[in-house]
Amino acid sequence: MILIDGKKAASELREKLKQEVVELKSKYNKVPGLTVILIGDMTPSQIYVRNKEKSANEVGLKSEVIKYPDSIDEKTVLNKISELNNDETVSGILVQLPLPKHIDKQKIIETIDPSKDVDGLHPMNVGNLSSGYQGSIPCTPLGCYLLIKKIESNLVGKKAVMIGRSNLNGKAMAQLLLQEDCTVTITHSKTKNLREECLQADVIVAAVGIKELVKGDWIKKDAIVIDVGINKTDKGIVGDVDFDEVSKVARALTPVPGGVGPMTIACLLKNTIECFKRSQL
Ligand code: NAP
């Protein structure tokens, strides 16, 4: 079984991006800039944002984190986003999710200029992805896609099963694999016979949020299995895939942690650089 090393893949990608930033700096005399807005003091969000900032600095991006307390009003955040939309030094804007209840997530996403939407969640970018046009692709599916391609460069005709249909993960992942000419099935909480669906899959991407949901006897021999899940347990963080069981059957599998997570952050940096490059055209 191939253990898909997301840490190594992310480190290689960051190295490439670092080189690209050096080249962009010499060509344009400026570097791409990423601004992250963090609202509230939820520990996981704070850790994610710290990691994003550290990685952005590492590859030479200009990075900034704007922090607001939980009690901040929606208008102030929307005004800040509009200000950043008009700031030429900012190539990418990310508002860390989840948001406090009194702030409308959809309004926030739609206020970000689509050309700076490094999370790829603006309806314009969702439409671009499903139409096969250029635009930002959500970081986690993009990371999963790059990992899958490392294992199998030719995905034509493969059967791919997404477990989960969120905008952030399952739906975007399905579009990327459809573009590779896979036959894609998107499953969700109302799907009947999930095991039967999975048993037909050459590629499975699990993004559910239920610990070790996917079992060894759900997997076709030689399938590639990507585990997006992050579930806190007494044993630490585990994925949506039962690693011990599935690793005995699959051709390749991502570990949790050390699989998709590091690639998500590296792809955020990639998206920021892509936004910068498009803004220079
Ligand atoms: P989400 O928005 O809660 O979506 C979960 C999806 O799973 C929904 O579509 C839901 O179906 C489906 N689902 C729930 N129970 C199911 C079941 N028994 N069988 C099949 N499908 C089921 O979650 P998300 O934001 O996509 O995140 C999913 C997981 O990935 C979470 O653990 C999250 O922490 C993790 N994550 C990891 C990264 C990373 O970088 N590694 C990034 C983002 C998220 P319905 O639509 O019918 O409700």
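I237 counts as partly exposed, at 35% relative accessibility. Partly exposed lies between buried (under 20% relative accessible area) and exposed (over 50%), taken with a 1.4 Å probe and protein chains only. I237 is found in strand β10 (residues 236-238). Strands (E, at least two residues) and helices (H or I, at least four residues) are DSSP runs, numbered from the N terminus. Together with Y48 and I230, I237 makes a nonpolar surface patch of about 260 Å². Such patches take residues with over 30% relative accessible area and no salt bridge, with nonpolar side chains joined within 5 Å. Accessible areas come from the Shrake-Rupley method with a 1.4 Å probe.

This is a predicted model: local features need pLDDT of at least 70, and side-chain atom pairs count only at pLDDT 80 or more, while totals for chains, interfaces and linings use all residues. Residues are numbered from 1 along each chain as its sequence is written, and side-chain values use heavy atoms, leaving out hydrogens and water.

The domain assignment, which is automatic or from a database, gives domain 1 (29-114) and domain 2 (139-261). Their C-alpha centres lie 29 Å apart.

Next, strand β7 (residues 203-206). Both of its faces are covered. V203 and V205 are buried on one side, I204 and A206 on the other. Strands pair if DSSP finds at least two bridges between them. Strand β5 (residues 159-163) pairs with β7 in the parallel sense over four bridges. M162 has V205 of β7 as its bridge partner. Strand β8 (residues 224-227) also runs parallel to β7, joined by four bridges. Here V205 stands opposite I226.

The structure holds 15 salt bridges. Each is a side-chain nitrogen of Lys or Arg within 4 Å of a carboxyl oxygen of Asp or Glu. Three of them are listed here.

| Pair | Closest N to O |
|---|---|
| R195 and E196 | 3.4 Å |
| D242 and K215 | 3.2 Å |

K150 is exposed at 53%; E12 is partly exposed at 37%.

D242 and K215 also form a salt bridge. The two are 27 residues apart, with D242 in the loop between β10 and α9 (243-246) and K215 in the loop between β7 and β8. D242 counts as buried, at 10% relative accessibility, whereas K215 is partly exposed at 27%.

R195 is partly exposed at 34%, and E196 is partly exposed at 40%. Finally, a network of salt bridges links E20, K270, E274 and K277.

Notes
Patches are made of residues with over 30% relative accessible area and no salt bridge: like charges are joined within 9 Å, nonpolar side chains (Val, Leu, Ile, Met, Phe, Trp, Tyr) within 5 Å.
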